[in-house]
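Welcome! Here is a short tour of a protein model, taking in its spaces, its helix pairs and a few backbone details.

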Amino acid sequence: MPDAQILVDAHHHVWDLDIRPQSWLDEPGHEPIRRTFGIGDLRTAAAATVAKRRLECSVLVQCVTSVDETREFLALAGSDPLIGAVVGWVDLTSPAIGDVLDDLRAGPGGSHLRAIRHLVQGEADAAWLQQPSVERGLRAVGERGLGYDLLISSHQFPQAIRLAERLPDLPLVLDHAGKPPIARQDLDDWERGVRQLAAHPQVRCKVSGLATEADHEQWTVDDIRPVWEVLLAAFGPDRLMFGSDWPVCVLAGGWNRWAATVEELLAGCSAAETEAVLAGTATTFYRLDPGRRKERTPCC
């Protein structure tokens, strides 16, 4: 188990707009984050962590559908001690996916590849995850000991649940709690989906990205609490993990406000339960070793 005073950020991004444009940043409302963000910026943002916890290890998550980006992230993880794992992207439909995964793992920083993610939230096919080519690709992911990050919108729970049913040995983590429609205050369908997905023991869930599903300017802890209570009841603390979704969280208060919010939500939990959400669950799922981090040495 990690030290009780550390914090693991299970979900953050970096991007360099001079190297790779991010077309989604052109959408209205993204002006505050329409610039380059590097790992040094994350260190600065997280410097004043709540409850005297230090950010000790992090999981860097893909932004765009690019194997080249994944290679760059793995190389960064190999050189920066803060990054303990990378969630990359590969074309799950490609017949060559096994070779691509093996090539990534053999390259610089390749040992940090711990999971794959696809932007399912942008797929119009209501059964995209059930396409035979996608399922074949996901089996290749699982055969290599990797997990899969589920990025879905709240209306896409049926295909996520079906995936969990069909591939019970594939470790899954639900990003951003399945994007509950907090701003609309209409959580019934989302709650049903969460509870059904959580019934599958190989599924974990990230307590991340929730502030940006609420009113960016006016949200409070009380807006987040109903979602938290569902997640805690459905998954339990040993299957929940803190994630900042930095720098996207800048749109709705920033890294430290979200970290403080999660700490407040955890107020009724035991020390062991708090430790699971803030470090232990992510450490186990992504096979991190934050306690061994040393200067200029990767934590994994």
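## Cavities

About 40 Å³ of space lies in the largest cavity. On a 1 Å grid over the protein atoms alone, a cavity is a set of points where a 1.4 Å probe fits but cannot get out, and lining residues have an atom within 4 Å of a point. Grid points are joined across faces, edges and corners, and a volume is the space filled by probe spheres set on the points. The structure holds two cavities of 30 Å³ or more.

Gly209, Leu210, Ala211, Thr212, Ser244, Asp245, Cys249 and Trp258 line the largest cavity. By class, this lining has four nonpolar, three polar and one charged residues. Here Ala, Val, Leu, Ile, Met, Phe, Trp, Tyr, Cys and Pro count as nonpolar, Asp, Glu, Lys and Arg as charged, and the others, Gly among them, as polar.

## About the model

This is a predicted model, where local features need pLDDT of at least 70, side-chain atom pairs count only at pLDDT 80 or more, and totals for chains, interfaces and linings use all residues. Residues are numbered from 1 along each chain as its sequence is written, and side-chain values use heavy atoms, with hydrogens and water left out.

## Pockets

Now for the open spaces: a pocket is an open set of grid points with protein on both sides within 12 Å along at least five of seven lines. The largest pocket has a volume of about 580 Å³. It is lined by 25 residues, of which Trp24, His30, Gln121, Lys179 and Val248 are the closest to its centre. Its lining divides into eight nonpolar, twelve polar and five charged residues.

The second largest pocket has a volume of about 210 Å³. Among its 13 lining residues, Val14, Trp15, Asp16, Glu72 and Phe73 are the closest to the centre. The classes here are six nonpolar, three polar and four charged.

## Two helix pairs

Helices (H or I, at least four residues) and strands (E, at least two) are DSSP runs, numbered from the N terminus. The axes of helix 6 (residues 188–198) and helix 7 (residues 221–235) come within 9 Å and cross at roughly 20 degrees; axes are lines fitted to C-alpha atoms, for helices over the stretch in contact, and angles run from 0 to 180 degrees between N-to-C directions. Helix 6 and helix 7 are therefore roughly parallel to each other, a label for angles under 35 degrees. Trp190, Glu191, Val194, Arg195 and Ala198 of helix 6 meet Val227, Val230, Leu231, Ala233, Ala234 and Phe235 of helix 7, where contact means heavy atoms within 4.5 Å. This contact has nine nonpolar, no polar and two charged residues.

For helix 2 (residues 67–79) and helix 3 (residues 97–106), the axes come within 10 Å and cross at roughly 25 degrees. That makes helix 2 roughly parallel to helix 3. Val67, Thr70, Arg71 and Leu74 of helix 2 make the contact with Val100, Asp103 and Leu104 of helix 3. Those residues divide into four nonpolar, one polar and two charged.

## Backbone details

Most residues other than glycine have a negative phi, and most peptide bonds are trans. Which form does the peptide bond from Trp246 to Pro247 take, cis or trans? That bond is cis, with omega near 0 degrees, and Pro247 lies in the loop between strand 8 (240–242) and helix 8 (255–265).

Lys179 has a positive phi near 50 degrees and is found in the loop between strand 6 (172–174) and helix 6. Gln185 has a positive phi of about 55 degrees, and Gln185 also lies in the loop between strand 6 and helix 6.

Terms used. Parallel < 35°, antiparallel > 145°, perpendicular 65-115°, else oblique.
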